[in-house]
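Keep the structure open as you read.

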Amino acid sequence: MSNQVVVIGGGIMGSALAYWLTRLEPSVRVTVVERDPSYEYASSALSAASIRQQFSTPVNILISQASIAFLRNAADELGFDDERPDIMLREHGYLYLAGVGGAAQLRQAHTVQKACGSDVALLDRADLGKRFGWLNTSDLSLGSLGLSGEGWFDGYALLMAFARKARKQGARYVYADVCGFGIHGTRVADVILSDGSRISCSHVVNAAGPWARRIGAMAEVELPVFARRRTVYVVSCPAAMHPFPLLIDPTGFWIRPEGTKFIAGFSPADDWDDQPLEPDYEAFESRLWPALAHRIPAFEEAKLERAWAGYFEMNTFDHNAVLGPHPVLENFLFMNGFSGHGMQQAPVIGRAIAELILHGRFDTLDLSELLFSRIEEGRAVHEANVIG
Ligand SMILES: Cc1cc2nc3c(=O)[nH]c(=O)nc-3n(C[C@H](O)[C@H](O)[C@H](O)COP(=O)(O)OP(=O)(O)OC[C@H]3O[C@@H](n4cnc5c(N)ncnc54)[C@H](O)[C@@H]3O)c2cc1C
């Protein structure tokens, strides 16, 4: 039996795992198999890379607290020699808005967040108007603002920093397409590449993002993770608006500053699987712009500069991470299904899966409720605050 961990997918999840494995146990052999070194379609390269504390489930809030601590320290943690990666972390907060009828849900989430120690505040309509003069508050009932620990960063820079440091610590990256497994009893013995070669493994980890279901299927494992297209619109607006947190509108759209412009998106009505990654330009005119201009009147003057599309790796079972070993194939581990919040969770999930592999348990944060086994047991951990 090989003592090699094979990670399928070198996006933020696979690279964070490779980093943590080699950091916690320098003698471990790690091979990351990535089919596309350009990351052209990888979610990690197409992400809005924002981090929030405002979840509805305590486990996600605890992950975010640990993650923001890592991100604040990323230059030290991931730097080496003269390199100090700058992930451009900006802690400008999230602002969740509730319309008429939405206040109760916001208050409920607020209670959970406060109980977990999050730095969040509820703002009534008058407070919202005072703090954010550019906001149309006429049909709002309440807002919830993250006062610290929330914002955005350069997700691609974080991906590159994890991958570089993982390599520096001894992880090997192989550029190849995984197309199957050699399975002996309840163990995966080796990973089969499209050129027919095999890499033997002690553990294999599915870090294939939106393509994770296909990797599962290669071992006859059913994973409820689907590739759902999301368009990100880059918008410019002549008006100066400060401060401007990441805003979540009651209609479901989100918007945040990006440099001198803004990026925005929303959850499409026709949410089919595996749509081609072409931006939905029509929806900007018909859906997003009217909603934007209603909430922020200055956006009447907005201009669509460009757009891109990427896949959310949507877990349709409960919109939460699916982690750890398969209940039957004991050395096949999963880090999938993040449903739009994987970039911010990667530093913590990478460590958690490394701990499972190296020590057989979660050491720093107990993520047992997110284990794969919950799916077979029908034990959902529903996350209500899924964006887009
Ligand atoms: C538009 C958009 C906005 C987002 N905004 C946010 C946000 O604000 N905050 C947040 O936290 N998250 C956000 N996300 C989600 C986040 O980006 C993802 O959860 C995260 O990037 C998933 O990382 P991953 O490594 O699992 O997947 P990926 O980055 O997709 O990496 C998977 C890798 O696996 C490789 N692969 C697949 N199949 C094979 C195979 N057979 N053989 C070899 N390699 C294979 C792929 O090439 C790919 O590089 C957003 C996502 C999108 C698309």
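A salt bridge here is a side-chain nitrogen of Lys or Arg within 4 Å of a carboxyl oxygen of Asp or Glu. What you're looking at is a predicted model, where local features need pLDDT of at least 70, side-chain atom pairs count only at pLDDT 80 or more, and totals for chains, interfaces and linings use all residues. Residues are numbered from 1 along each chain as its sequence is written, and side-chain values use heavy atoms, with hydrogens and water left out.

With that rule in hand, the tally is 19 salt bridges. Take K168 and D81, whose side chains meet at 3.5 Å, N to O. K168 sits in helix 7 (residues 155–168) and D81 in the loop between helix 4 and strand 4, so this pair ties together parts that are 87 residues apart in sequence. (Helices are DSSP runs of H or I with at least four residues, strands are runs of E with at least two, and both are numbered from the N terminus.)

How exposed are the two partners? D81 counts as exposed at 65% relative accessibility, while K168 is partly exposed at 48%. The cut-offs are under 20% relative accessible area for buried and over 50% for exposed, with partly exposed in between, using a 1.4 Å probe and protein chains only.

Now find D271 and R230, another salt bridge with an N to O distance of 2.8 Å. D271 lies in the loop between strand 16 (261–265) and helix 9 (281–295) and R230 in strand 13 (residues 225–236), so parts 41 residues apart in sequence are tied together. R230 is buried, at 7% relative accessible area. Shared partners join R228, R230, D271 and D273 into one salt-bridge network.

Last stop: an open, antiparallel sheet of three strands in the order 9-10-11. Strand 9 (178–184) and strand 11 (198–200) are the edges, each with a single partner strand, so one side of each has no neighbour in the sheet. Strand 9 pairs with strand 10 (residues 187–193) over six bridges, and pairing takes at least two DSSP bridges between the strands. One of the contacts to look for is V178 with its bridge partner L193 in strand 10.
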